[in-house]
Amino acid sequence: MAFQNLQPHPNLKELNVHGYGGRRFPSWFSAPTNLVNLCIWYCKRCQHLPPMDQIPSLQHLQIWTLDNLEYMEIEGQQTSFFPSLKTLNLHGCPKLKGWQKKRDDSTALELLQFPCLSHFSCNNCPSLTSIPQFPSLDESLNLQKASPQLVHQIFTPSISSSSSIIPPLSKLKHLSIVYIEELESLPRDGLRNLTCLQRLTIGFCLALKCLPQEMRSLTSLRELNIEMCPQLNERCGNKKGEDWEFISHIQNIKVDGQTIQKEGRYLLDHEASISEG
């Protein structure tokens with residue numbers, strides 16, 4: 001009960017909660033309006049998290065290993081939805097389905113957006129199929145053991161974001177898609193927007209059949225790393241591969257640990273000449 005009765009200082013900047021045993025967090029949890037960093041770790045009985053989307057100063061939010069977490073409650077006000085959040089890490093929440101409004105109002109969930117988010121990482125949250133969009137995401141997007149639905153939802157702009165002057169994810173620099181074993185294809189339309197993408201990692205996506213021709217539009221891409229994607233290995237592993245024409249402009253290409261192209265120089269020609277000799 002001690003945790004329930006805490007009265008945190010109003011100027012509290014950082015809060016770490018580790019191993020709390022309750023199903024719900026206390027009502028004061030959203031009160032510290034000057035909070036900048038919030039980490040919630042190993043609270044395995046927790047099923048719902050209280051609203052945090054109206055904390056004006058919150059910049060970094062990490063939620064790790066909440067085995068029974070189903071929803072994160074939100075106030076859902078479009079004009080002040082996580083107004084300062086830059087980093088969001090969701091890790092090890094297998095039952096997490098998404099965000100749920102604390103009260104019913106006129107703001108639709110699909111209209112909510114993270115206005116300042118720069119980094120989003122989702123690892124082992126297979127039940128999460130949708131998330132408020134982040135049109136200004138400019139650093140990294142890491143999806144690991146996520147649902148294929150989440151991948152496609154992230155790269156499929158909503159009506160509100162598609163009408164924006166700046167296309168969604170057009171500032172993103174680093175993208176990692178790993179251990180999504182049921183993912184059969186990458187979202188073609190969404191790839192076109194990734195005009196600033198510099199590094200792309202695709203790994204352990206066993207069902208991924210091919211790379212789309214939209215890869216050609218990734219003119220800033222300097223590094224492509226493909227690992228343990230059997231069908232991509234065959235299609236991208238050398239110049240004879242069916243998808244090579246889509247990726248040949250990329251300066252550095254590595255497939256299953258083998259460097260195929262480095263600084264724009266195709267390396268397998270040298271190996272072929274040695275074998276012929």
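I began at Glu-184, which is partly exposed with a relative accessible area of 45% (buried means under 20% relative accessible area, exposed over 50%, partly exposed in between, with a 1.4 Å probe and protein chains only). I am working on a predicted model, in which local features need pLDDT of at least 70 and side-chain atom pairs count only at pLDDT 80 or more, while totals for chains, interfaces and linings use all residues. Residues are numbered from 1 along each chain as its sequence is written, and side-chain values use heavy atoms, with hydrogens and water left out.

I looked up the partner of Glu-184 and found a salt bridge with Lys-209 at 3.8 Å, N to O (a side-chain nitrogen of Lys or Arg within 4 Å of a carboxyl oxygen of Asp or Glu). Lys-209 also counts as partly exposed, at 44% relative accessibility.

I then searched the whole structure and noted 9 salt bridges. One of them joins Glu-73 to Arg-24, with the closest N and O atoms 3.2 Å apart; Glu-73 is buried at 15% relative accessible area, whereas Arg-24 is partly exposed at 47%.

Asn-89 in E6 is the bridge partner of Gln-62 and stands opposite Ser-121 in E8.

Terms used
Pairing = 2+ DSSP bridges. Helix = DSSP H or I, 4+ residues; strand = E, 2+ residues; numbered from the N terminus.
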